[in-house]
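These are my notebook entries on a structure that I had not consulted before. I set down what I looked up, in the order in which I looked.

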Amino acid sequence: MSADMRTEDYPEEIDEQLTGFDSSVSSIKTMLEQLMAMPRNDLLQQLDPLDRAKLDLMSAYTLNSLFWRVNPREHGIKQELERIRTYMNRVKEITDKKKASRLDKGAATRFLRNALYDPAEKDSKKKAVSKKTADAAPDTPQMKRPKRS
């Protein structure tokens, strides 16, 4: 009977939205209880700097979004939320850069060198090296060792 009474107080279309809102508030309450159960300093010590930044931005954004109950045209909250949103985007860019694959220049050079390998070029290099060593040999004959008898 209480469900029938609820639908009479407000339009039926709003019922789903209110139910979703209620479940969202319940999940937020659960998350906040978990965050509040541990001292903030202990929590921050367990996080790396990027996660600390995410937590601080999330906290600031959440607290500032509660100001939407006031008229945003008369209050500077809209600018503050935009400022926080730009920092959130910067953190997201940093996170995305961390996840992006990196190019190993040495490996890429080896791939290209081996893919473009030409056996004739290698033979010509060997001949050039052997010719250089022959040219570098002294013109005077080396002294021979005396024979042992």
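**Entry 1. Basis of the model**

I noted that this is a predicted model, in which local features need pLDDT of at least 70, side-chain atom pairs count only at pLDDT 80 or more, and totals for chains, interfaces and linings use all residues. Residues are numbered from 1 along each chain as its sequence is written, and side-chain values use heavy atoms, with hydrogens and water left out.

I then looked up pLDDT, the predictor's confidence in each residue, from 0 to 100. Its mean over the protein chain is 76, and 70% of the residues reach 70 or more. Confidence is lowest in helix H1 (residues 2-9), with a mean of 54, and highest in H5, with 87.

**Entry 2. The chain as a whole**

I recorded seven helices and zero strands in the protein chain. Helices (H or I, at least four residues) and strands (E, at least two) are DSSP runs, numbered from the N terminus. Along the sequence the pattern reads α-α-α-α-α-α-α.

I next looked up burial, where buried means under 20% relative accessible area, exposed over 50%, and partly exposed in between (1.4 Å probe, protein chains only). Of the 149 residues in the protein chain, 8% are buried. The chain exposes about 14100 Å², and carbon and sulfur atoms supply 57% of that area. Accessible areas come from the Shrake-Rupley method with a 1.4 Å probe, and for residues only the protein chains shown count as cover.

For contacts, I used heavy atoms within 4.5 Å. Among contacts between residues at least 6 apart in sequence, 38% join residues at least 24 apart.

**Entry 3. Helices H4 and H5**

I looked up H5 and found 23 residues, with 33 Å from the first C-alpha to the last, close to the 33 Å expected at 1.5 Å a residue. The expected span is 1.5 Å times one less than the number of residues in the helix. H4 has 17 residues and reaches 24 Å, close to its expected 24 Å.

Which residues of H5 are buried? I listed Ile77, Leu81, Ile84, Val91 and Thr95. These buried residues pack against helix H4 (49-65). In H4 I listed Leu50, Leu55, Leu57 and Asn64 as buried, and the buried residues of H4 pack against H2, H3 and H5.

I followed one residue further. Thr95 lies in helix H5 (residues 77-99) and counts as buried because its relative accessible area is 12%. Apart from neighbours within four places in sequence, Thr95 is in contact with Leu50 and Lys54.

**Entry 4. Salt bridges**

I searched the whole structure and noted four salt bridges, each a side-chain nitrogen of Lys or Arg within 4 Å of a carboxyl oxygen of Asp or Glu. Side chains of opposite charge can pair when their charged atoms come close.

How far apart are the closest N and O atoms of Arg40 and Asp56? The distance in this salt bridge is 2.4 Å. The pair links distant parts of the chain, with Arg40 in helix H3 (residues 40-46) and Asp56 in helix H4, 16 residues apart. Arg40 is partly exposed at 42% relative accessible area, and Asp56 is partly exposed at 36%.

I found a salt bridge between Glu82 and Arg85, with the closest N and O atoms 2.5 Å apart. Both residues lie in helix H5, three residues apart, about one turn of the helix. Glu82 is partly exposed at 40%, as is Arg85 at 32%.

I also noted a salt bridge between the side chains of Asp96 and Lys92, at 3.3 Å from N to O. Both lie in helix H5, four residues apart, about one turn of the helix. Asp96 is partly exposed, with 38% relative accessibility.

**Entry 5. A nonpolar patch**

I looked up the surface and found a nonpolar patch of about 580 Å², made by Ile28, Met31, Leu32, Leu35, Met36 and Met58. Patches are made of residues with over 30% relative accessible area and no salt bridge: like charges are joined within 9 Å, and nonpolar side chains (Val, Leu, Ile, Met, Phe, Trp, Tyr) within 5 Å.

Which helix gives the most to the nonpolar patch? Helix H2 (residues 13-37) does, with five residues. Leu35 is found in helix H2, and Leu35 counts as partly exposed because its relative accessibility is 31%.
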